[in-house]
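Colleague: I have a model open and want to learn to read it feature by feature. Where do we begin?

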Amino acid sequence: MPELPEVETIRRDLVRMIKDLTIRDIRFFDTRVIRDISPQIFRKNLIGRRVTHIERHGKALVFRLSPGRALLVVQLMMTGQLVLQRELSKDRATKVVFVLSNGQYLLYNDHRVFGRLQIVEDLKAVKYFQILGPEPLARGFTSEILSARLHGRKRPIKNVLLDHTVLAGIGNIYAAEILFAARIHPQRSAIDLAAGEIRWLHRAIKEVLHKAVASRGTSMNTYRDADGQKGKFMNYIRVYGREEEPCPRCRKPIRRITQAGRSTFFCEHCQK
Ligand SMILES: [Zn+2]
């Protein structure tokens with residue numbers, strides 16, 4: 001599932017490749033991904049509009065368009081992909097094709113159809129944005145803000161890091177890598193972390209996510225960037241998916257446990 005670094009990679013690619021292009025046409029192959037409005041109204045709001053900017057809010061992409069007030073919100077969810085092509089080569093996963101003013105095609109592919117494309121005038125109309133926590137890669141995301149977000153939360157820190165109402169967009173792979181980098185045991189209650197540990201955690205969140213974005217994300221299964229390429233962060237993963245392999249710090253075996261239905265990988269000797 002694309003997480004914050006993968007969605008940020010897609011965003012940067014799309015800004016480079018389609019900013020200032022106009023949507024000439026839209027072809028639908030499966031309208032289930034269009035939420036809340038009819039495909040006709042969806043077309044009417046987008047055709048003839050120029051993409052002026054693309055933002056990322058958590059794991060959602062927001063396309064700003066001109067003229068008009070309509071915003072296109074894309075949530076990739078489990079298996080959504082946005083792929084740019086010079087020659088149209090769609091497959092069974094292709095749900096919507098945007099024809100752009102330079103003759104290229106932007107495909108929305110979604111094998112499992114959990115993703116969604118919405119048109120809104122105000123981001124507050126989207127429930128996800130109403131509940132989304134602060135953006136961990138923003139400059140304004142400080143250790144003090146992290147401390148305030150963790151305040152009073154008794155759940156294990158691993159589960160709290162995965163909660164997008166606490167922090168936007170950190171996924172399961174990155175939560176494991178962040179806690180390893182910060183040397184914090186994933187089962188510790190968030191409320192019990194000392195001030196110094198929260199500072200380590202804050203630094204680890206920034207470092208791991210920045211490195212993941214610089215590596216263009218992690219490809220576990222269906223994630224591809226806007227060029228259809230896989231991410232390279234797999235090469236830097238230290239604990240995730242490495243059960244029984246030696247810890248890169250102490251050489252003792254990495255353990256796997258399940259927390260809130262998700263696998264957690266960690267070193268019980270290095271993470272306290
Ligand atoms: Zn270790």
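Predicted model: local features only at pLDDT ≥ 70, side-chain atom pairs only at ≥ 80, totals over all residues.

Colleague: In what order do the strands of the open sheet lie?

Modeller: The order is 1-6-7-5, a sheet of 4 strands with antiparallel pairing. Strand 1 (23-28) and strand 5 (80-85) are the edges, since each pairs on one side only. From one strand to the next, the twist averages 20°.

Colleague: Which strands does helix 1 lie across?

Modeller: Helix 1 (residues 4-18) lies across strand 5, strand 6 and strand 7 (105-110). The helix runs at about 25° to strand 5. Helix 2 (residues 39-46) lies across strand 1 and strand 6, and runs at about 165° to strand 1.

Colleague: Now strand 4. Why is strand 4 described as largely enclosed?

Modeller: Count the buried residues, where buried means under 20% relative accessible area. In strand 4 (residues 71-75), 5 of the 5 residues are buried, so the rest of the structure largely encloses it.

Colleague: Which way do the side chains of strand 4 point?

Modeller: The general idea comes first. In a regular strand, side chains alternate between the two faces of the sheet. Here L71, V73 and Q75 point one way, L72 and V74 the other way, and all are buried.

Colleague: Which strands pair with strand 4?

Modeller: Strand 3 (residues 60-66) pairs with strand 4 in the antiparallel sense, over 5 bridges. Strand 8 (residues 116-120) pairs with strand 4 in the antiparallel sense too, again over 5 bridges. On the strand 8 side, L71 is bridged to V120.

Colleague: Which residue takes a positive phi in the hairpin of strand 3 and strand 4?

Modeller: G68 does, with phi near 100°. The hairpin has 4 residues between its strands.

Colleague: Next, the cores. Which residues touch the most other members of the largest nonpolar core?

Modeller: The general idea again. In soluble globular proteins, nonpolar side chains tend to be buried together. The largest core here has 39 residues, and I157, L161, I178, L201 and I205 touch the most other members. Helix 4 (143-150), helix 5 (157-161), helix 6 (172-182) and helix 7 (195-214) each give two or more residues to this core. Apart from it lies another core, of 32 residues, including V7, F63, L82 and V96.

Colleague: What is I178 in contact with, leaving aside neighbours within four places in sequence?

Modeller: The partners of I178 are L161, I170, L201, A204, I205 and V208.

Colleague: Last, the metal. Which atoms coordinate the zinc ion?

Modeller: The SG atoms of C247, C250, C267 and C270 do, at 2.2 to 2.4 Å. Their spacing in sequence reads C-x2-C-x16-C-x2-C. C267 and C270 are both buried.

Colleague: What is the geometry of the site of the zinc ion?

Modeller: Compare with the ideal. Four tetrahedral donors have ideal angles of 109.5 degrees. Among the 4 donor atoms here, the angles are 101 to 115°, and the site is tetrahedral.

Technical notes:
Residues numbered from 1 in each chain as written. Heavy atoms only, no water. Donors = N, O, S within 2.8 Å, 3.2 Å for Na, K, Ca; no water. Tetrahedral: all angles 85-135°; square planar, octahedral: opposite > 155°, others 65-115°. Buried < 20%, exposed > 50% of the residue type's maximum accessible area, 1.4 Å probe, protein only. Core = buried A, V, L, I, M, F, W, Y, C linked by side-chain atoms within 4.5 Å. Contact = heavy atoms within 4.5 Å. Pairing = 2+ DSSP bridges. Axes fitted to C-alpha atoms, helices over the stretch in contact; angles between N-to-C directions.
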